[in-house]
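Hi,

Here is the structure I promised to pass on. Have a look at it first, and then read my notes below.

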Amino acid sequence: MRFSKEFYLDNAVSLAKKLLGQYIVRRIDGKEIIVKIVETEAYVGPEDKGCHAYNNRRTKRTESMFLEGGYAYVYIIYGMYYCLNIVTAKEDKPEAVLIRAVEPISGLEYIKENRKIKSTKIEELTNGPGKLCKALNINKSLDKYNLVTGEELFVMKNENIEKEKVVEKIAESKRINIDYAEEYTEKLWRFYIKGNKFVSKNKVKN
DNA sequence: CGGCCGATCAGCT
DNA sequence: GCTGATCGGCCGA
């Protein structure tokens with residue numbers, strides 16, 4: 001069952017936690033990839049100095065974050081990688097959840113095709129925001145994509161989420177690589193599933 | 001395994 | 001002209 005619009009109209013911190021353990025479905029050229037979300041970060045503009053839309057900064061890039069919840073926000077980072085965010089909250093409230101790491105559930109052969117890495121460690125395929133975009137073939141064309149109605153990319157409920165006790169395993173920490181965000185670097189707005197080996201290995205100063 | 005470093009360019013200012 | 005919500009290769013331990 002995919003999530004409907006109401007699910008996304010929540011604030012980013014709450015949704016960052018609710019998304020953990022849920023599935024992302026990616027369909028392209030008749031192929032289907034399903035992954036489980038294991039690490040997220042909340043960006044709570046306009047007061048959040050770590051958020052691209054801090055101080056209601058509205059540009060061509062950040063425009064997507066001002067949409068109502070349920071759309072994708074995809075941007076290019078370091079000139080070479082994409083990052084996938086899920087826009088949350090009401091229209092004109094620029095909040096989003098960054099998907100930082102996922103665990104492959106099905107379509108692993110397509111993920112490997114998309115990644116082409118030397119390492120044989122499966123977790124290296126999707127344990128970072130840029131890596132998972134490459135793995136799911138996500139690019140700028142999916143910016144502003146409607147996750148509520150679209151068939152190529154959407155979030156689906158993991159029916160075993162209670163059985164997997166995801167809620168009990170949620171850990172929180174500071175967000176990664178936002179040293180410029182002053183007091184907002186200290187916010188514990190990064191969430192991940194404790195013990196999951198697909199969580200990104202980035203320095204956790206917590 | 002961990003730290004360092006270069007790659008590479010859109011999106012700002 | 002500068003910077004970044006990153007990654008992978010290399011090198012030393």
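A term to start with: a polar contact is a pair of N or O atoms within 3.5 Å; within protein, one of them must be able to donate a hydrogen and the other to accept it, and residues adjacent in sequence count only if both atoms are side-chain atoms. With that in hand, look at Tyr180, where an N or O atom of the side chain sits 2.6 Å from a phosphate oxygen of DNA strand C.

Some housekeeping. This is a predicted model, where local features need pLDDT of at least 70 and side-chain atom pairs count only at pLDDT 80 or more, while totals for chains, interfaces and linings use all residues. Residues are numbered from 1 along each chain as its sequence is written, chains are lettered from A and ligands numbered from 1 in the order in which they are written, and side-chain values use heavy atoms, with hydrogens and water left out.

Now the DNA side. There are 22 residues around DNA strand C, and Asn85, Arg115, Lys131, Asn177 and Tyr180 come nearest (a residue is near a strand if one of its heavy atoms lies within 4 Å of it). His52 puts a polar side-chain atom 2.9 Å from a phosphate oxygen of DNA strand C.

Which element gives the most to the surface near DNA strand C? That's H4, with 3 residues. Strands S3 (72-77), S4 (81-88) and S5 (95-106) and helix H4 (129-135) each supply at least two residues there. (Helices, H or I with at least four residues, and strands, E with at least two, are DSSP runs numbered from the N terminus.)

Two residues deserve a look of their own. Thr62 is in the loop between strand S2 (31-44) and S3, and counts as buried because its relative accessibility is 1% (buried means under 20% relative accessible area, exposed over 50%, partly exposed in between, with a 1.4 Å probe and protein chains only). Its side chain reaches the backbone nitrogen of Thr59 at 2.8 Å. Leaving out residues up to four places away in sequence, Thr62 touches His52, Ala53, Arg57 and Tyr73 (contact means heavy atoms within 4.5 Å).

Glu39 belongs to strand S2 and is buried too, at 0% relative accessible area. The side chains of Glu39 and Arg190 make a polar contact at 2.8 Å.

Cheers
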